[in-house]
Amino acid sequence: MLSLGGWVRSCVLQLPVRGICSAVCHRSPPPALINSGLPSASVCLHKPYRGQHVPGLWAFSGIRTLSGVGGGSSDAVSSDSWYSSLSDSAPVHLCEHLLVNVQQVTGLPWWLTIGVATLAVRTLITLPLAAYQLVIISKVEALQVEISELVKRLRYEVSVRGKERGWTEKHCRYQFKKNLRRIISELYIRDNCHPFKATVLVWIQLPLWISLSLALRNLSLEQSALQSQLAAGGSLWFPDLTVPDSTWILPVCLGLTNLLIIEVFSLQRTNVSKAQWLILNAIRGLSVLMIPIAATVPSSMALYWFYSSLVGFSHSLFLRSPSIQKMLRLQSIRSATPYRDLLNAFITKYRK
């Protein structure tokens, strides 16, 4: 499954409203925070034999033909179906192309090829994005103390101004919210850390996860020239990668890994709001739902999902390293012993 850690961080992170007043930027005696408009106011191919030339290895059309999807064939899948259109899209064929070439260059069996491709893609593309997400979240968290002080001062100034101008309670609330949004927006601009930037990982990783999943599905179809290779490219209890895992071992391992990722993230949050609690439980439910779904798709897809979750979990632990966080120059205070703290928190939570 795609990186739940990044998704959960994007969804559950408690962020203030949107993105300081210029007075905060200059650190000089600040003028009034209220800006009310008055004068005084203030975010594949068959694996070739050695020496055999494979035409169209680097051509898009070769991959499209061999996967059995696309190429304009009317008896393949209906072009009217959105799922068929998605399976025949350029990103999916590009992922087929990537998988085929990784297998041919490395000469590994398909179950290992999927693992190597997953590790390469997630390390080269999603790991830097996850590090960027961590930097943004760290900056936003570091702003919370400053925002709290500004909120207290703004509430006082609105109260004083309201009495001077004869504002109603409703108008005072309106002025408070309007100026608070402006202040926070200017803070985000000042520190270049709008919370939306923390969601970049999801917007890149989700399409990538879908494209690789559909690419493996296409290569596992009967009309694919690679179907026979994937049928013999498995290992252990899943020798055939073109059929679902009848033992349910891969689906269950996938579900447990995703649940572990969610629990590890939840250990970081001490004061969880009701909305955060609901989101966490919804993602837990989605992780459980992925188990029967993974049991109905080809083993190649379930294996990719499992690999992807494992790599995502290892990357999450890697980014907790104090040396990595020092390299990223995170602004919020982090623990010097993150792994020990995580283990202690896990034991404390589940010993109850």
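Colleague: How many salt bridges does the count come to?
Modeller: This is a predicted model, and a pair is counted when a side-chain nitrogen of Lys or Arg lies within 4 Å of a carboxyl oxygen of Asp or Glu. By this rule the number of salt bridges is seven.

Colleague: Which residue forms a salt bridge with Glu146, and which helix does that residue lie in?
Modeller: The closest N and O atoms of Glu146 and Arg190 are 3.0 Å apart, and the two form a salt bridge. Glu146 belongs to helix H6 (residues 110-165), so the pair ties together parts that are 44 residues apart in sequence. The partner is therefore Arg190, which lies in helix H7 (residues 169-191).

Colleague: Which residues are linked with Glu146 in a network of salt bridges?
Modeller: Glu146 forms a salt bridge with Arg190, and this pair is part of a network of salt bridges that also includes Asp191.

Colleague: Arg182 forms a salt bridge with Glu186; what separates the two along the helix?
Modeller: The closest N and O atoms of Arg182 and Glu186 are 3.8 Å apart, which falls within the 4 Å cut-off for a salt bridge. Arg182 counts as buried at 19% relative accessibility, whereas Glu186 is partly exposed at 25%. Because they are four residues apart in helix H7, the separation between Arg182 and Glu186 is about one helical turn.

Colleague: How many residues apart in sequence are the parts that Glu263 and Arg284 tie together?
Modeller: Glu263, which is buried with a relative accessible area of 12%, forms a salt bridge with Arg284, the closest N and O atoms being 2.6 Å apart. Glu263 lies in helix H10 (residues 249-266) and Arg284 in helix H11 (residues 274-294), so the parts tied together are apart in sequence by 21 residues.

How values were computed:
Residues numbered from 1 in each chain as written. Predicted model: local features only at pLDDT ≥ 70, side-chain atom pairs only at ≥ 80, totals over all residues. Heavy atoms only, no water. Buried < 20%, exposed > 50% of the residue type's maximum accessible area, 1.4 Å probe, protein only.
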